[in-house]
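I opened the notebook to look up side-chain packing and aromatic rings. My entries follow the model below.

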Amino acid sequence: MSIENNLSEIRKRIADAAEKSGRRAEDITLIAVTKTHPAEAINEAIECGVTDIGENKVQEIMEKYDLVKKGVRWHLIGHLQTNKVKYIIDKVHMIHSVDSQKLMEEIERQAEKHDVDSINILIQVNMSGEETKFGISIDEVDDMLEYAKTLKRVKVCGLMTILAKIDKGMSNRLQFRDINNKFIDISKNKYDNIDMKFLSMGMSGDFELAIEEGSNMVRVGTAIFGDRDYSK
């Protein structure tokens, strides 16, 4: 199927899942994940109405940034090393993968250095506890938020998680539900630079389940662009 047809199908599935959770399709932000896919495919998706694209690696953002149509919002969704923050601080709309105070501090420093007034971030939470996954434990979220309150340019906009496996079973549902409950608890309090608007969870294989359990931002790649070519 074409990118246009794939997007049409994804949007229908998002709308159906949103309806099940008592929301509208417009309440869910679709991030088209473009890892390993060329700028031509990204531009085709943009022509089909995609407004947000996600990249896992800083290098790919740098390679594609000037080749992709302007006006789209870039999201860095993969692990971010502190020494690479400087390359994307003035290019991305949001960083999803903040998992340490050290990284948060470097984002603040680079934002000041590059005269970026505000940079949106999500705190990455490792719900499964799997060592191969990045992210902090759900018990560490409050400490991260306390640290964020001391910063001026970093704006915490929500939480992000990646589950250890896609089985669409009760284990995944409960993990999604647990982080949504945490998200709701935090949302009850407003601070100058903490405003819980986004719960980023759900990918090609489980975004419907994630939406049913509270996600309002899904990261879909393979279901839009097809299998990735890791040889590139």
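Is Tyr 65 buried, exposed or partly exposed? I find Tyr 65 partly exposed, because its relative accessibility is 22%. Buried is under 20% relative accessible area, exposed over 50%, and partly exposed in between (1.4 Å probe, protein chains only).

Ground rules next. This is a predicted model: local features need pLDDT of at least 70, side-chain atom pairs count only at pLDDT 80 or more, and totals for chains, interfaces and linings use all residues. Residues are numbered from 1 along each chain as its sequence is written, and side-chain values use heavy atoms, with hydrogens and water left out.

I looked for aromatic pairs (ring centres of Phe, Tyr or the six-membered ring of Trp within 6.5 Å; planes under 30 degrees apart stacked, over 60 edge-to-face, the rest tilted). I found one. Tyr 65 and Trp 74 make a tilted pair, 5.6 Å centre to centre with 35° between the planes. Trp 74 counts as buried, because its relative accessibility is 4%.

I then checked charges over rings (NZ of Lys or CZ of Arg within 6 Å of the ring centre and within 35 degrees of the ring normal). Lys 91 lies over the face of Tyr 65, 5.6 Å from the ring centre. Lys 149 has its charged end over the ring of Tyr 191, 3.9 Å from the centre.
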